Structure formats: C-alpha cells, structure tokens
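Hi everyone, thanks for coming. Please have a look at the model on the screen, and I'll walk you through a few spots in it.

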Amino acid sequence: MMPTICLLTDFGTRDGYPAVMKGVILSICPAAQFVDITHETGAQNVMEGALTLRRVSAYFPAGTIFLAVVDPGVGTERRPLAARIGEHYFVGPDNGLFGLHIQSALQSAQPVEMVHLDRPAYLRDEISNVFHGRDVFAPAAAHLACGVPLAEMGSPVTNPVNLEIPAPHPREGGLRGQVVHVDHFGSLATNITRANLPAGSSVRVRVGDQIIPDLVQTFGDASPGSLVALIDSDGALAVAVVNGSAAQRLGVGFGEPVEVDWDV
C-alpha cells in the first residue's frame, strides 16, 4: 500500500503552490495519495507549524510521510531535512519544525534517523532559491513514498535544530505562562497544561485586563459571548469566547502573558 503524504505549509491556497508540489510528487510517484493538513499556517510561524504537526501526526498510520514547509530561511544555509521519527517520516526544513517530534521520540527511546537532502538524484535538476517546497522537499517525499531508503537520500544528521516551547514559570500562588497558538476560532491556547494545575482546586485565569474566575468543562457551560477558560483537546489551558473570538475580544495573540492563580 502506498504511504500517504500529508502536506502542511504556510502557502495558502490562492496562488497554487501546494498544487505545484503535488504535481511534482505525482510526476515521480503517480500512485501517491495526499492529505492536506493545512496551508493556512501563519506566515513564517515555525512554532505554529510544529504544534499543528504534533496535534495531527499521532492519528496517522505508521509509514505516513509528513511534508511540511514553513521556511523563513529558504535559500540560506539551513539544511533541507528528511527524517524517520518513531513510526513516521518527515520532510522539510531543518529549522525546528520537527523539533517537538524529535524531542518526544528521543525521550521515549523511539528510533530517530535524519539525513541532509544533499543527493541531487532525489531533487529537481534546477533548484530555486525561494521554492524548496517544489524543488527539494516534494521530490524527496515522492522518492520516499516510492520506496527509496531514507539513508540513500542524504548525509546523516545528528544535530538538528531544536524548538523550545516556553515553559510556564511558578509565581506566588500560581503560574505565569503565555499564549502559544491562536486557532481558527480565535481561541488562545497556552503553554500551561492540565498537568500544571492542582487537582481539585479552583483557578483564576488572567489574560490582558480580564480575570476569568474558574474553568468550565465545555463551551456549553456558559452562555454565548462569555469569556471562558477550559482545557482544550490537546490538554492545554485555553481562553475562548463562546461562539466568538477571544483574540478579537481581548486584542491579544502569540506571546501574550497568561497568569493562573489557585487556592490550595
């Protein structure tokens, strides 16, 4: 069975760039099948891309190839990378986009094998300085899908670029974290997780000039238009507006401080 190639980019869909990549892949590996994760990652937002990949990848079968291009350093000396991380393959820039997967795999003793895509046989003949998605990453993903061993596609890499999600910091009576992602609905996901919060205690969440007195379990626990805090599907503390946008209501985004207090 042909592996699925899952695409994630910050290209958008208006200009046809994801379709160009698919055309290159199909020219090399006509039986390839695709899933579009998203092409609406924030422009040059490597962390957002990494978080989305982490959210999605665990639900795909072993052997899936994740072709991800969020690449503010395209054309520079940053390495093009292909990797086997755990049960999946990843193709894209070595700029931290796969850092969360690499860290998780190493911590759980899963296999990690990475190569610098420096073998011309597996790239397009002419390589643009501004579209490695077409000329480097798409052909590499296609050759992987058609059975070329990872080790044949480049030189080994042992020092990939890491990605650090800022950790929440303890403060008197609570924690101080920050917004790390704003989703399509305008909900604000933070770097504070369920595990950071004391079990059985009420918490107060402060973001901007607003204080939310406690967590709700579901959006339906509050009336439309209410500002709420809850644990999202990824296990992170999130701030949302029921049937609305917290980002728009509060005028905040990535990096905004979030404070949590509790009574113990």
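Let me start with a term: a residue is buried under 20% relative accessible area, exposed over 50%, and partly exposed in between, using a 1.4 Å probe and protein chains only. This is a predicted model, where local features need pLDDT of at least 70, side-chain atom pairs count only at pLDDT 80 or more, and totals for chains, interfaces and linings use all residues. Residues are numbered from 1 along each chain as its sequence is written, and side-chain values use heavy atoms, with hydrogens and water left out.

Now the aromatics. Rings of Phe, Tyr and Trp (its six-membered ring) pair if their centres lie within 6.5 Å; planes under 30 degrees apart are stacked, over 60 edge-to-face, and the rest tilted. The whole structure has 6 such pairs. Take Phe 11 and Phe 131: their ring centres are 5.9 Å apart with planes at 85°, so this pair is edge-to-face. Where do Phe 11 and Phe 131 sit in the chain? Phe 11 is in the loop between β1 (4–9) and α1 (17–28), while Phe 131 is in the loop between β6 and α4 (132–145), 120 residues apart. Helices here are DSSP runs of H or I with at least four residues, strands are runs of E with at least two, and both are numbered from the N terminus. Phe 131 is buried, at 10% relative accessible area, whereas Phe 11 is partly exposed at 21%. Phe 90 and Phe 98 make a tilted pair, 5.4 Å centre to centre with 50° between the planes, and both are buried. Ring pairs also join them with Phe 60 and Phe 66 in a cluster.

On to the cysteines. A disulfide means two cysteine sulfur atoms within 2.5 Å, and the structure holds 1. Cys 29 is joined to Cys 146, S to S 2.1 Å. The two are 117 residues apart, with Cys 29 in the loop between α1 and β2 (33–38) and Cys 146 in the loop between α4 and β7 (155–156). The S-S torsion is about 115°, so the disulfide is right-handed. Cys 29 is buried at 0% relative accessibility, but Cys 146 is partly exposed at 41%.

Last stop, helix α3 (residues 99–107). Its buried residues are Gly 99, Leu 100, His 101, Ile 102 and Ala 105. Just after α3, Ala 109 has a positive phi of about 60°.
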